[in-house]
Amino acid sequence: MKRRLFVLMAALAGMSVAVQAETLEPIQQHCTISAGDKAGTLRLETGDGDCHGQKHCGSNMSDLALSRLTGIAITDLAREGAQVTATLAAEAGTFTCSGTVAQGELDGRSVFTPDVGFQERMEKMGFSGYDSGKLLAYAFLDVQSGWAQSLKEMGIRDMNADNLIALRVFHVDPAYVRGLTGLGYPLPTADQLVALSCQGVNAEEVSEIRALGYQPTLDQLIQIRIFKITPDFIHRMQARGLKNLTIDKLVQIRIFKLAD
């Protein structure tokens with residue numbers, strides 16, 4: 001799952017470079033829509049179509065909740081030859097994929113029309129450097145100005161138009177931030193929040209670690225998740241008679257596989 005999120009984030013972040021379009025001009029691409037891996041989702045793929053007959057070549061892929069799209073239902077994908085137009089209406093703009101259903105997927109052409117008003121709202125908050133491709137990424141991820149404003153009002157440093165994508169991918173919101181600062185941690189930067197949420201750092205698990213007498217830093221919280229330093233692992237190492245187990249020592253035990 002994390003690998004897929006990384007791939008999705010990289011693909012979406014690169015859209016503004018990959019799509020050669022004038023700022024806020026509509027983007028037209030080839031598109032396909034098929035059933036997603038999870039129930040209630042659809043897999044949307046877009047690309048330039050210049051793949052010499054290779055299916056899904058050079059495409060950007062995103063699994064979206066069916067509820068985010070209008071004009072299409074899962075049952076439509078079984079209607080061979082049906083003409084369907086699927087629409088995704090987001091604050092950043094409107095995306096449509098129109099085409100014909102064949103062999104379980106909708107195949108056609110897409111148009112994304114950016115919303116100038118959304119760009120203006122974001123720029124008033126200090127976020128700049130937008131083009132149509134980046135706003136298309138925002139639309140797929142459902143980046144909303146109210147959500148961005150709520151993070152900005154918390155005083156999070158180093159937020160920009162690019163790392164807003166990562167913050168959205170990894171579900172960073174004010175509640176997540178307050179969960180960490182409520183434990184006494186300083187307000188993380190935008191990049192720290194991405195790293196923490198990406199690794200699944202959460203306030204509940206941090207509290208369990210601290211209840212064992214540890215006071216991990218934000219960077220150590222990331223290490224704890226990467227190397228699976230769980231309360232159970234700590235108890236097992238202590239049961240072996242190991243004393244003065246700092247977080248750095250616990251990480252070394254994992255690195256050198258001394259727990260095996």
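A contact here means heavy atoms within 4.5 Å. Among contacts in the protein between residues at least 6 apart in sequence, 53% join residues at least 24 apart. The model is predicted: local features need pLDDT of at least 70, side-chain atom pairs count only at pLDDT 80 or more, and totals for chains, interfaces and linings use all residues. Residues are numbered from 1 along each chain as its sequence is written, and side-chain values use heavy atoms, without hydrogens or water.

The protein has 12 helices and 7 strands. These are DSSP runs numbered from the N terminus (helices H or I, at least four residues; strands E, at least two). Of its 260 residues, 45% are buried. Buried means under 20% relative accessible area, exposed over 50%, partly exposed in between (1.4 Å probe, protein chains only). The accessible surface comes to about 13200 Å². Carbon and sulfur atoms hold 51% of that surface. Areas follow the Shrake-Rupley method with a 1.4 Å probe; for residues, only the protein chains shown count as cover.

Two loops hold a non-glycine residue with positive phi. Asp142 has phi near 60 degrees. It sits between helix H4 (132-141) and helix H5 (145-153). With a relative accessible area of 22%, Asp142 is partly exposed. His171 also has a positive phi, about 60 degrees. Its loop links helix H6 (163-169) and helix H7 (174-181). His171 counts as exposed because its relative accessibility is 63%.

Now to helix H12 (residues 247-255), where Ile255 is found. Ile255 counts as partly exposed, because its relative accessibility is 45%.
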